[in-house]
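Here's a quick briefing to read with the model open in your viewer.

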Amino acid sequence: METGKTHEDYCVTSASLDVYRALFQHRNTNSEHAHFEKAWPAQRSLQLELAMSDGTLRKHIKILEKVGLLDVFRTHKFRKPFHIYSFPTPLSIEDFRSRFPVACKKYEEAMKILEQVREEEAEIYGMPQKEDEIDAMIGRL
């Protein structure tokens, strides 16, 4: 992903993350296997599992590749496309912040707004804000 771009520039959506989840769940957990921690589910199986068309599935896979969540080795087997998916090591928080400063700034701004909304709701509805207040409220139930 290019510096200065955010997840919005690549259209990362909950559907993209659902594709990632499905691929991750298909990964090989046999440490003796040559493709340990890689996945190679059939495209058609993924389409059925995720209720997505072929084009939509391919679009989300390309998005996941662009943002660095997925590596794809593309080949053919028996004259049909065959893909092997691997999952790069996630970036450290520091590396993530330096690589995606705009996305981090947008996220932090969104979290500040969310905190303000929560404070306003707490005032309006008398909702507890601190963990000990929540624990006390649950204990009374």
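Before we get to the sheet, one definition: two strands count as paired if DSSP finds at least two bridges between them. With that in hand, Lys77 has Lys80 in strand 3 as its bridge partner. Keep in mind that this is a predicted model. Its secondary structure amounts to six helices and three strands, and along the sequence these follow the pattern α-β-α-α-β-β-α-α-α.

**The whole protein**

- Of the 141 residues, 23% count as buried.
- The accessible surface comes to about 10,500 Å², and carbon and sulfur atoms hold 54% of that.
- If you take the contacts with a separation of 6 or more, 47% of them are between residues 24 or more positions apart.

- The three strands make an open sheet, ordered 1-3-2, with antiparallel pairing.
- Strand 2 and strand 3 run antiparallel and are joined by seven bridges.
- Strand 1 and strand 3 also pair in the antiparallel sense, over two bridges; on this side, Lys38 has Ser86 in strand 3 as its bridge partner.
- The hairpin of strand 2 and strand 3 has two residues between the strands, and Phe78 takes a positive phi near 55° there.
- As background for picking out side chains, those in a regular strand alternate between the two faces of the sheet.

**Helix 1**

- Does the length of helix 1 (residues 14-25) agree with what you'd expect, or disagree? It agrees: at 1.5 Å a residue, its twelve residues should span 16 Å, and the end C-alpha atoms are 16 Å apart. If you try the sum yourself, remember that the expected span uses one less than the number of residues.
- The buried residues of this helix are Ser16, Val19, Ala22 and Leu23. Looking down the axis of helix 1, you'd find its buried residues within an arc of 120°, so they line one face of the helix.
- What covers those buried residues includes strand 1 (38-39), helix 2, helix 3 (54-66) and strand 3.
- Turned away from the buried side, the other face of helix 1 carries the exposed residues Ser14 and Gln25.

- Gln47 is part of helix 2 (residues 43-50). Why does Gln47 count as buried? Its relative accessibility is 10%, and buried means under 20%.
- The side chain of Gln47 makes a polar contact of 3.0 Å with the side chain of Asp54. Leaving aside residues up to four places away in sequence, Gln47 touches Met52, Ser53, Asp54 and Leu57.
- Thr89 is found in the loop between strand 3 (80-86) and helix 4 (93-99). Is Thr89 buried or exposed? Thr89 counts as exposed because its relative accessibility is 71%, and the cut-off for exposed is over 50%.
- How far apart are the C-alpha atoms of Thr89 and Gly68? They are separated by 9.3 Å, with the two residues 21 residues apart along the chain.

Conventions. Residues are numbered from 1 along each chain as its sequence is written. This is a predicted model: local features need pLDDT of at least 70, side-chain atom pairs count only at pLDDT 80 or more; totals for chains, interfaces and linings use all residues. Side-chain values use heavy atoms; hydrogens and water are left out. Helices (H or I, at least four residues) and strands (E, at least two) are DSSP runs, numbered from the N terminus. Buried means under 20% relative accessible area, exposed over 50%, partly exposed in between (1.4 Å probe, protein chains only). A polar contact is a pair of N or O atoms within 3.5 Å; within protein, one must be able to donate a hydrogen and the other to accept it, and residues adjacent in sequence count only if both atoms are side-chain atoms. Contact means heavy atoms within 4.5 Å. The arc is that of the directions from the helix axis to the C-beta atoms. Accessible areas come from the Shrake-Rupley method with a 1.4 Å probe; for residues, only the protein chains shown count as cover.
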